Amino acid sequence: MKTAQENALAIGKILEDSKADDVVVIDVSELNSWTDFFVIATVHSSAHTQGLYKQIKDYVSANEMEIHQTHSKSEHGENWNLIDIGPVVVHLMSQEARDFYELEKLWHNGKKIK
């Protein structure tokens, strides 16, 4: 079984290979009690987001993990989609949402591992 860090890095690689931009993996395990890693990526459209979600879902299933919840912050889910996999939380964000929310700055005390 893979560690949370290995899973976070593998999901980051999937996102990069699928043309997501500025993929970042941040270790936030010392900063909160509800997750260990954030994977943040910029997406280009709702269709891109849907394709990435399917690939993440396939990875999660193949690695005996579970998606606990998903959330969208826009009417059609194109600005910010959050996928909670327990120890890994994936943020798929439009460039506009990423610039506005600046998650890397908000979690600047986390250790950037990618």
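Colleague: Which backbone oxygen lies 2.7 Å from a polar atom of the Arg98 side chain?

Modeller: The backbone oxygen of Asp22. A polar contact here is a pair of N or O atoms within 3.5 Å; within protein, one must be able to donate a hydrogen and the other to accept it, and residues adjacent in sequence count only if both atoms are side-chain atoms.

Colleague: And which side chain does the Arg98 side chain join in a polar contact of 2.4 Å?

Modeller: That of Glu104. Keep in mind that this is a predicted model: local features need pLDDT of at least 70, side-chain atom pairs count only at pLDDT 80 or more, and totals for chains, interfaces and linings use all residues. Residues are numbered from 1 along each chain as its sequence is written, and side-chain values use heavy atoms, with hydrogens and water left out.

Colleague: Where is Arg98 placed, and is Arg98 buried or exposed?

Modeller: Arg98 is in helix H3, residues 95-101. Helices are DSSP runs of H or I with at least four residues, strands are runs of E with at least two, and both are numbered from the N terminus. Arg98 counts as buried because its relative accessibility is 7%. The cut-offs: buried is under 20% relative accessible area, exposed is over 50%, partly exposed is in between, with a 1.4 Å probe and protein chains only.

Colleague: What is Arg98 in contact with, leaving aside neighbours within four places in sequence?

Modeller: Asp21, Asp22, Val24, Ile40, Ala41, Thr42, Met93 and Glu104. Contact means heavy atoms within 4.5 Å.

Colleague: Back to Asp22. What does Asp22 touch, not counting residues up to four places away?

Modeller: Ile40, Ala41, Thr42, Gln95 and Arg98. Asp22 itself is in strand S1, residues 21-27. Asp22 is exposed, because its relative accessible area is 51%.

Colleague: What is phi of Asp22 near?

Modeller: Near 50°, a positive value in a residue other than glycine. Most residues other than glycine have a negative phi. Glu64 also has a positive phi, about 50°, and is not a glycine.

Colleague: Where is Glu64 found?

Modeller: In the loop between helix H2 (46-62) and strand S3 (69-72). Glu64 is exposed, because its relative accessible area is 68%.

Colleague: New topic, the whole chain. How many helices and strands?

Modeller: 4 helices and 6 strands. From the N terminus on, the order is α-β-β-α-β-β-β-α-α-β.

Colleague: How does the radius of gyration sit against a compact globule?

Modeller: The chain agrees with one, because 114 residues would give a value near 13 Å and the chain has 13 Å. The radius is taken over C-alpha atoms, and the globule rule is 2.2 Å times the number of residues to the power 0.38. The C-alpha atoms fill a box of roughly 35 × 30 × 25 Å along the principal axes.

Colleague: What share of the residues is buried?

Modeller: 42% of the 114 residues. On contacts, 57% of those with a separation of 6 or more are between residues 24 or more positions apart.
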